[in-house]
Amino acid sequence: MGRWQDGRGELVVHGERGELAVPLEIASSYRARTKGLLGRDSVDGALLLSPAGSVHTFRMRFPIDVAYLDRGLRVIAVRTMKPGRLGLPRVRSRHVLEAGAGVMEGWGVRVGVRVRVVLG
């Protein structure tokens, strides 16, 4: 899992239907994590905030799905958040995955599923 740098890659979801690769943007610097999805109208794929234990949707333009990941990239919680909300911190969360509302279910992202980050 290590320490990532800001950039792009793929999120590989190990779900019931096998592996699914999704475009991924990585935000690991303080500046990139602070900006997150602010000012955007959508997200292509997903955004990984690392390290992160909670998120907010203040000043966001669209609802998002939020998956909290532990140290081993296993999903420990998934929530859909409307704009203007403050998410509760998750004790074991080390990373947060964000995507457009409703898409994570289609990708098979649910509690207990392990994901993988492929840099590239």
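Where does Ser-50 lie in this protein? Ser-50 sits in the loop between β3 and β4, and Thr-57 is found in the loop between β3 (46–49) and β4 (64–69). This is a predicted model, so local features need pLDDT of at least 70 and side-chain atom pairs count only at pLDDT 80 or more, while totals for chains, interfaces and linings use all residues. Residues are numbered from 1 along each chain as its sequence is written, and side-chain values use heavy atoms, with hydrogens and water left out.

**Overall fold**
- The protein has two helices and seven strands; helices (H or I, at least four residues) and strands (E, at least two) are DSSP runs, numbered from the N terminus.
- Starting at the N terminus, the order of elements is β-β-α-β-β-β-β-α-β.
- The radius of gyration is 13 Å, close to the 14 Å from the globule rule for 120 residues, so the protein is as compact as a globular protein of that length; the radius is taken over C-alpha atoms, and the rule is 2.2 Å times the number of residues to the power 0.38.
- Of the 120 residues, 44% are buried, where buried means under 20% relative accessible area, exposed over 50% and partly exposed in between (1.4 Å probe, protein chains only).

**Ser-50**
- Ser-50 is buried, at 6% relative accessible area.
- Its side chain makes a polar contact with the side chain of His-95 at 2.7 Å; such a contact is a pair of N or O atoms within 3.5 Å, and within protein one must be able to donate a hydrogen and the other to accept it, with residues adjacent in sequence counting only if both atoms are side-chain atoms.
- Setting aside residues up to four places away in sequence, Ser-50 touches Trp-4, Ala-27, Ser-28, Arg-33, Arg-94 and His-95, with contact meaning heavy atoms within 4.5 Å.

**Thr-57**
- Thr-57 counts as buried because its relative accessibility is 0%.
- The Thr-57 side chain reaches the backbone oxygen of Lys-82 at 2.6 Å.
- Beyond its neighbours within four places in sequence, Thr-57 has contacts that include Ile-64, Met-81 and Lys-82.
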